[in-house]
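Please have a look at the chain first, and then read on.

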Amino acid sequence: MKTGTAREVARWTSALDELFNQGYVNCEGRGEIFVVTNAGYVFADRVKEEFKIDTTRNFEEYLLD
């Protein structure tokens with residue numbers, strides 16, 4: 001994130017840490033680039049199916065505060 005409040009940065013950092021700890025993303029380089037693993041794609045496909053997520057729609061429609 002280039003900008004954002006401390007709260008927003010903390011929320012996104014926590015989410016990324018959880019994805020990393022679950023094996024859904026890997027860190028590349030100096031910790032600035034993350035890539036989705038096969039396990040991450042499998043999990044995303046399960047979530048998409050379970051929650052009937054239409055990926056042609058704007059993702060922000062699915063975000064909760």
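How many aromatic pairs does the structure hold? It holds one aromatic pair, and rings of Phe, Tyr and Trp (its six-membered ring) pair if their centres lie within 6.5 Å. Tyr-24 and Phe-43 form this pair, which is stacked, with 4.6 Å centre to centre and 10° between the planes; planes under 30 degrees apart count as stacked, over 60 as edge-to-face and the rest as tilted. Tyr-24 lies in the loop between α1 (6-21) and β1 (25-28) and Phe-43 in helix α2 (residues 38-50), so the pair ties together parts that are 19 residues apart in sequence.

A word on the basis of all this: the model is predicted, so local features need pLDDT of at least 70 and side-chain atom pairs count only at pLDDT 80 or more, while totals for chains, interfaces and linings use all residues. Residues are numbered from 1 along each chain as its sequence is written, and side-chain values use heavy atoms, with hydrogens and water left out.

**Accessibility of three residues**

Buried means under 20% relative accessible area, exposed over 50%, and partly exposed in between (1.4 Å probe, protein chains only).

| Residue | Relative accessibility | Class |
|---|---|---|
| Tyr-24 | 17% | buried |
| Phe-43 | 31% | partly exposed |
| Asn-21 | 62% | exposed |

Asn-21 is found in helix α1. Its C-alpha atom is separated by 25 Å from that of Thr-3, 18 residues away along the chain.

**Fold and hairpin**

The protein chain has two helices and two strands, which are DSSP runs (helices H or I, at least four residues; strands E, at least two) numbered from the N terminus. Along the sequence the pattern reads α-β-β-α. The radius of gyration, taken over C-alpha atoms, is 13 Å, well over the 11 Å that the globule rule gives for 65 residues, so the chain is more spread out than a compact globule. That rule is 2.2 Å times the number of residues to the power 0.38.

β1 and strand β2 (residues 33-36) pair in the antiparallel sense over four bridges; two strands pair if DSSP finds at least two bridges between them. Val-25 has Val-36 in β2 as its bridge partner. In the hairpin of β1 and β2, four residues sit between the strands, and Gly-29 takes a positive phi near 70°.

**The chain as a whole**

The C-alpha atoms fill a box of roughly 35 × 25 × 20 Å, taken along the principal axes. Of the 65 residues, 6% count as buried.
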